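Hi everyone, thanks for coming. Please take a look at the sequence and the model on the screen, and then we'll walk through a few places together.

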Amino acid sequence: MKRIQCPADLAINGAQPAFSEPLHVGRPNIGDQKRFLELTSQILENRWLTNNGPLVRDLESRIASRLGVKHCIAMCNGTVALEIAIRALGLEGEVIVPSYTFIATAHALHWQAITPVFADIDPSTHNLDPEAVRRMITPRTTGIIGVHLWGRAAPIDELQAIADEHDLKLMFDAAHAFGSTYKGQTIGRFGACEVLSFHATKAFNTMEGGAVVTDDDELAEAVQLMRNFGFKGYDNVIHPGTNGKMIEVCAAMGLANLESFDEVMAGNKQTHRAYREALRGVNGVTVLEYPENEANSHHYVVIEVDEDVATPRDRIISALQAENVLARRYFWPGCHRMKPYRELYPHAGLMLPHTERLSDRVIVLPAGPSISRDEIAQIGDIIRTLCAPSLDTL
């Protein structure tokens, strides 16, 4: 690797890139490949490829046991899981969500003719601010969807108190939060239900997939029916539904990855610690910390860049990408600034000052088991050079 000590060493200024191959955010974690291939062979031998096969049922059972919930209903992806959970809960009218989240949280509502109402966040946690939620409640509000952003638990107790006070349904988008805890209890056990994503970019993945987890027997039955066109038995359709089923090969990947997930979490925590060290003392840059008393996959290394730093956030990202460090500006610019919401609610930003400010400050850096300590140190040197207060870096 090249040494980066001054602006002339940066690829954006004409030097060679620091890395010959791209470093990605969310590069898939792959567990025991031999175990995955063994399970795949079982699928082919059984000739049971989909339709609630034995591997899907095994994965559901293992996840439910790990999370301490009664029901895990596996899905083809997290977005369909969100849509089915929303419909099963009977949400309608308006539902309060953060704008600072992946667009699927809002789309899952809008797709079903439900109005997503965007509430602001707490800038210290990046999660919903309960008082902002309270301000957005109207007579049309039927529910709240909290998001455990970066795997850090939303303010669950406060949101539940608001939901109870106003007779609203509360569910959680836990796409980032597999392996996380809240007050020592595993995420997946809160609200009416929680929705997980097992997309390839998540800490735990099934290639594509997701799940609804809940302790509510009636809700679980409705979700199970909706996942499979409303069938109960071979010929008996008793409920409206769609096709949300997970296929067996995805469950095979999930079972193989689940066996090594604790090792992935431990490795990610070391990666996060290495980034904190590499970026220690960098002018105008703060690494988002996770509570030490709670479990977290540490899958996301999130930094915030001050407005007055020598190089603006977007120029830092451009410079990193020139070095083959494919950093991302999640979740810019906020759902409220994306179609169709920016046309439907053009003044939403007036109620979202923290969302707007944070979305202009955040960078997510490559992480995961595939990145080395030397690569992290090199990324730290790039950012340190870009943010040096006394240098005209670009």
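Let's start with Glu-259, which touches Arg-35 and Arg-62, leaving out residues up to four places away in sequence; touching, or contact, means heavy atoms within 4.5 Å. Before going further, a word on where this comes from: this is a predicted model, where local features need pLDDT of at least 70 and side-chain atom pairs count only at pLDDT 80 or more, while totals for chains, interfaces and linings use all residues. Residues are numbered from 1 along each chain as its sequence is written, and side-chain values use heavy atoms, with hydrogens and water left out.

Back to Glu-259: it lies in helix H8. Helices (H or I, at least four residues) and strands (E, at least two) are DSSP runs, numbered from the N terminus.

Now, which residues of H1 meet H8? From helix H1 (residues 33–46) they are Arg-35, Phe-36, Leu-39, Thr-40 and Ile-43, and their partners in H8 include Glu-248, Met-253 and Glu-259. That contact divides into 8 nonpolar, 1 polar and 3 charged residues. For the classes, Ala, Val, Leu, Ile, Met, Phe, Trp, Tyr, Cys and Pro count as nonpolar, Asp, Glu, Lys and Arg as charged, and the others, Gly among them, as polar.

How do we describe such a pair? Two packed helices are described by the angle between their axes and the distance between the axes. For H1 and H8, the angle is about 150° and the axes are 9 Å apart. Therefore H1 is roughly antiparallel to H8. The axes are lines fitted to C-alpha atoms, for helices over the stretch in contact, and angles run from 0 to 180 degrees between N-to-C directions. Angles under 35 degrees count as roughly parallel, over 145 as roughly antiparallel, 65 to 115 as roughly perpendicular and the rest as oblique.

Next, helix H9 (residues 261–278): its 18 residues reach 25 Å from first C-alpha to last, close to the 26 Å expected at 1.5 Å a residue. That expected span is 1.5 Å times one less than the number of residues. Among the buried residues of H9 are Phe-261, Asn-268 and Tyr-275, and their cover includes helix H8, strand S12 (301–305) and H13.

H9 and H13 pack at about 35°, with axes 9 Å apart. Their contact includes Ala-274 and Tyr-275 of H9, and Ile-379 and Gly-380 of H13. By class, this contact has 6 nonpolar, 4 polar and 2 charged residues.

H13 (residues 373–386) has another partner, helix H10 (residues 313–322), at about 140° with axes 11 Å apart. So H10 is oblique to H13. Here Ile-316, Ala-319 and Leu-320 in H10 meet Ile-379, Ile-382, Ile-383 and Leu-386 in H13. What classes are these residues? The contact of H10 with H13 has 7 nonpolar, no polar and no charged residues.

Finally, find Glu-194, in strand S9 (residues 194–197). Glu-194 is buried, with a relative accessible area of 0%. Residues that Glu-194 touches include His-148, Arg-189 and Val-212.

Methods. Buried < 20%, exposed > 50% of the residue type's maximum accessible area, 1.4 Å probe, protein only.
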